[in-house]
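Me: Please go through this structure with me in questions and answers, giving the cut-offs behind each term.

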Amino acid sequence: GYASFATPEQLQGARLIEITLLGTEPKKPGGYAVLEVPSGERYAITPTCAANALGAIGENGRAFGNEESARLALTLLGTRLGASMEQAATAVLEASAEKLVALVLELAKDHGLQGMPLYGGGGAASVLGPVIARRLGIPFQAVENADVISSIGAALAVIRVERERSVTRQDPTILDLLEREVGDEAVRLGADPASLRVETEYLPQ
């Protein structure tokens, strides 16, 4: 879970460790800093934690968490970086907003919206939205019921299922079985059966 959504008691005795994601090179720089407590449970240090540590999210914000826990997490990160808690939290937010700033600039230019206010949706709108708007020098406004947009996005997300089989020849029976298999799996994951589209490709060796 997020460090900012844990209680201070749950984070008691926590230490900062660095992990790499599955599929990445173990010694590759740029790992992920997480908190590990004596029980072995781990808590992520996220932009939401950084914003809570700085007291930047109001109590009515969907991303509002435990500020004491967030400050504890960012203090440990700051110690590792040789920085204060505030500096570490600010650095996390600025780094997280970097790519989004470029994206917003590109979209604003493409659609002639330069200088227009930035409206944010999603549960984390109050986390990165203000940072992006400040860097662009424009006002920020979280839309009403902003957190609902995250659920809508999840509901509209494309479900993709892939299967591979090694065959000695193009067999319609095997092809039919594969199509059924991926279709059933997609429906199990929440896809509407009426919206399914199956594509097959034979790759000769």
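**Burial, contacts and a pocket**

Reply: At 1% relative accessibility, S4 counts as buried, where buried means under 20% relative accessible area, exposed over 50% and partly exposed in between (1.4 Å probe, protein chains only). The model is a predicted one, in which local features need pLDDT of at least 70, side-chain atom pairs count only at pLDDT 80 or more, and totals for chains, interfaces and linings use all residues. Residues are numbered from 1 along each chain as its sequence is written, and side-chain values use heavy atoms, with hydrogens and water left out.

Me: Which residues does S4 touch, not counting residues up to four places away in sequence?

Reply: S4 lies in the segment before β1; strands (E, at least two residues) and helices (H or I, at least four) are DSSP runs, numbered from the N terminus. Contact means heavy atoms within 4.5 Å. With residues up to four places away set aside, S4 touches T48, C49, N52, G65, N66 and A70.

Me: Is N52 buried or exposed?

Reply: N52 is found in helix α1, residues 47-53. Beyond its neighbours within four places in sequence, N52 is in contact with S4, I57, A63, F64, G65, E67 and A70. Its relative accessible area is 0%, so N52 is buried.

Me: At what angle do the axes of helix α3 and helix α4 cross?

Reply: Axes are lines fitted to C-alpha atoms, for helices over the stretch in contact, and angles run from 0 to 180 degrees between N-to-C directions. The axes of helix α3 (residues 85-110) and helix α4 (residues 125-136) come within 9 Å and cross at roughly 65°.

Me: How many nonpolar residues does the contact of α3 with α4 have?

Reply: The contact includes L93, L100 and V104 of α3 and V127, V131 and I132 of α4. Ala, Val, Leu, Ile, Met, Phe, Trp, Tyr, Cys and Pro count as nonpolar, Asp, Glu, Lys and Arg as charged, and the others, Gly among them, as polar. By these classes, the contact has 4 charged residues, 1 polar and 11 nonpolar.

Me: Which element supplies the largest share of the lining of the second largest pocket?

Reply: A pocket is found on a 1 Å grid over the protein atoms alone, as an open set of points where a 1.4 Å probe fits, with protein on both sides within 12 Å along at least five of seven lines; lining residues have an atom within 4 Å of a point. Of the 18 residues lining the second largest pocket, G31, Y32, A33, I45 and L77 are the closest to its centre. The lining divides into 14 nonpolar, 2 polar and 2 charged residues. At least two lining residues come from each of β1 (15-19), β2 (32-36), α2 (67-81) and α3, and the largest share, 5 residues, comes from α3.

Me: What distance separates the C-alpha atoms of G120 and Q141?

Reply: G120 belongs to strand β4, residues 118-120, and counts as buried at 10% relative accessibility. Apart from residues up to four places away, G120 touches A125, F140, Q141, A142, V143 and A146. G120 and Q141 are 21 residues apart along the chain, and their C-alpha atoms are separated by 6.3 Å.

Me: Is G190 buried or exposed?

Reply: G190 is found in the segment after α6 (172-188). Its C-alpha atom is separated by 31 Å from that of C49, 141 residues apart along the chain. With 59% relative accessibility, G190 counts as exposed.
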